Each structure stands twice: as C-alpha cells, then as structure tokens.
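Me: I'd like to learn how to read salt bridges in a model. Could you walk me through it?

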Amino acid sequence: MTRILPDSMEKWLSYLQTNQRYASHTLAAYRRDLVLLLEFYPDTPAENLSNAQIRHAVARLHAQDYSPRSLARILSAWRGFYQWWIPQTTVKVNPALDVKTPKIARSLPKALSVEQTQALLDHPTVITGTEPADLRDQAMFEVLYSSGLRLAELVSLDTQYTRKDGYESVSWLNLDEGEVTVTGKGGKTRTVPLGRTAIRALTQWLAIRHKLLPPSSTTQDQSAVFLGARGRRIAPRVVQLQLKKLSLRSGVPAQVHPHVLRHSFASHVLQSAQDLRAVQEMLGHANIATTQIYTRLDFQHLAQVYDKAHPRAKMDETDKKK
C-alpha cells in the first residue's frame with residue numbers, strides 16, 4: 001500500500017513536476033525518499049523534525065547498507081523539500097541543511113594501455129582504408145588521442161577560423177602551426193598541439209573532404225572539418241558508433257568511446273612527462289583537482305611495472321600455494 005504524503009510534500013512534488021519539469025522517475029524516487037523519512041518518525045510532523053533526527057535517519061540508512069550515492073540522493077530530496085517549504089512556515093532552519101553523507105568514491109576514468117591504443121589506431125581497416133569515411137575516421141580518432149579533445153570539441157572543429165553569414169567558428173585547425181584551438185566547457189578557449197600522426201591523417205582527409213561536401217552547403221557545414229555521409233557537420237553519435245565498430249574489430253574493450261581516448265591521452269602524457277599542470281591546460285580543466293585523478297591511473301601503471309620488475313615484489317611458487 002502506497003504511503004500517503006502530507007499536503008506540503010505533495011505540493012512540493014507537484015511544484016517540481018509543473019514548474020521545474022522534473023522527470024517522472026525522478027519524482028517517483030523523491031516520493032520514496034520522503035516516505036522513508038516519514039517511516040522513521042511516524043509520530044512527528046515534518047516541521048518538528050530536528051537536525052539530530054535527520055542525522056540519525058541517515059545513520060540508520062547507512063547501517064542498512066544504503067550506498068553513499070543513494071544516501072546522497074535521499075538527503076538531497078529531504079533538503080530540497082525543506083528548502084522549498086520553510087519560507088512558507090514558521091520554521092527558521094532547514095534541519096537537513098548541514099547533514100553530510102559518506103563520501104562517494106570517485107571511480108577512475110577508463111583508459112586504454114599504450115598497447116591497446118596502438119592496436120586500435122593502427123588497425124588495418126584504419127590505416128589502409130582509402131574511402132572518404134575511412135580517412136575521416138582515422139583523422140578523427142588520431143585527433144582525439146593526439147590532443148585529448150572532448151567529443152563536442154572535435155565535432156565543432158572548423159578547417160580555419162571563419163566569420164561569415166552570421167556564423168563564427170568556436171574551434172578551428174591551424175595545421176601550419178600544428179595545433180587546434182577549441183572552445184570547451186564554460187566557454188573557455190584553449191590551444192592544444194597536434195601530433196605528427198594526427199597532422200598526417202588530417203592532411204589526407206582534407207585532401208578528399210570535398211567529395212562529401214554538396215555545393216549548396218551552409219557556411220557552417222562548409223567550414224566543418226569532419227562531415228557525415230550527407231555532407232553536413234558530423235554528429236557526435238556518428239563518431240561514437242564508428243569508434244565502437246573499430247574497437248570491436250581491433251579486439252580492444254567494446255566499451256571504447258571518444259572520452260576513453262581523452263582519458264588515455266591524459267594518462268599516457270602524464271606517465272611520460274609527469275607534468276600535471278601541462279596536462280591540466282591541455283585538457284582544459286578549470287581545477288587541477290580534476291586532473292589529479294590521472295595520477296591515480298599513473299600510480300596503477302607504476303605499481304604494475306613494480307610487481308613485474310622488482311625482485312622482492314614477486315612471489316615464489318611456495319608463496320602462491322599458501
């Protein structure tokens with residue numbers, strides 16, 4: 001039997017649905033979260049709950065093996081309800097305001113090894129293909145790995161800076177200088193170097209790119225570096241699908257997507273150069289803490305090397321049988 005919520009909570013959910021356009025599954029989750037709170041204190045009206053009671057409820061959920069991520073969502077629902085409701089009441093303090101949940105473990109980004117990346121990008125169907133789509137795909141994937149671009153930055157690339165017919169480039173190539181200028185998150189522009197392999201692949205693609213470009217194309221499509229089959233700026237979904245197909249053919253993990261190449265770029269550069277600040281600038285991270293997660297990937301690589309190479313790290317057969 002579905003628990004009936006107080007009018008205040010029903011009105012909040014209605015507000016989220018009507019005014020904030022929350023999805024139905026999100027509203028259903030919030031409803032369950034509010035029911036949980038009521039079940040902890042069935043004899044106490046919501047307006048009378050204290051900060052200590054909210055903390056106690058979170059602790060009990062944690063003891064019931066709720067994950068940190070689930071606890072964070074539940075507490076967010078409780079906090080959001082009180083934030084909306086309190087201005088309409090005589091309650092002065094949000095009882096869920098400063099309650100904290102266990103820290104959510106930040107998962108490591110998926111990155112390919114150097115060998116896996118080479119197997120992917122040097123696969124025969126990539127390096128020997130002569131069709132326009134083959135050359136385009138080779139150039140796209142080389143640029144992703146060479147410069148650590150986001151998918152949106154890749155598809156926004158223009159052959160050169162263009163300002164014409166109401167259109168203005170946000171990202172563009174400069175092959176003479178061996179670099180790309182891209183506009184990333186927050187509208188921040190950065191310039192990133194291109195590797196020699198990426199420049200060669202781009203040169204081959206740009207030489208035949210016109211074959212996919214209809215005469216009546218818009219300025220935006222005429223400027224685009226990468227084109228789809230119909231001669232329009234390539235869609236992000238096409239890039240994802242083409243990379244997935246290549247990963248399946250080359251035998252590397254099937255879940256390879258464009259961001260994996262960005263993670264691999266960061267990990268491999270950091271392994272070689274050990275320059276965290278430079279990697280931060282090339283990735284376009286506003287906060288170096290975001291980049292520091294790649295030091296954990298680098299440590300994993302070093303640990304594997306240690307286990308294989310250090311004589312005191314290896315177990316003998318006797319140890320393995322214990």
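Reply: Happy to; we will go through the salt bridges of this predicted model pair by pair.

Me: What counts as a salt bridge, and how many are there here?

Reply: Look for a side-chain nitrogen of Lys or Arg within 4 Å of a carboxyl oxygen of Asp or Glu. By that rule, the count is eight salt bridges.

Me: Which residue forms a salt bridge with D33?

Reply: R73 does, and the closest N and O atoms of the pair are 2.7 Å apart. D33 belongs to helix 2 (residues 24–40) and R73 to helix 4 (residues 68–85), so this contact ties together parts that are 40 residues apart in sequence.

Me: Is D33 buried or exposed?

Reply: Buried means under 20% relative accessible area. D33 has 1%, so it counts as buried. R73 is partly exposed, at 34%.

Me: Where do R190 and E153 lie?

Reply: These two form a salt bridge, with 2.9 Å between the closest N and O atoms. R190 is in strand 6 (residues 189–193) and E153 is in helix 8 (residues 151–155), so the pair joins parts that are 37 residues apart in sequence. R190 counts as buried at 9% relative accessibility, and E153 counts as buried at 2%.

Me: Which residues are linked in a network of salt bridges?

Reply: R150, E153 and R190 are linked that way.

Me: And what is the N to O distance between D137 and R136?

Reply: Their side chains meet in a salt bridge at 2.9 Å, N to O. D137 is buried, with a relative accessible area of 10%, and R136 counts as buried at 5%.

How values were computed. Residues numbered from 1 in each chain as written. Predicted model: local features only at pLDDT ≥ 70, side-chain atom pairs only at ≥ 80, totals over all residues. Heavy atoms only, no water. Helix = DSSP H or I, 4+ residues; strand = E, 2+ residues; numbered from the N terminus. Buried < 20%, exposed > 50% of the residue type's maximum accessible area, 1.4 Å probe, protein only.
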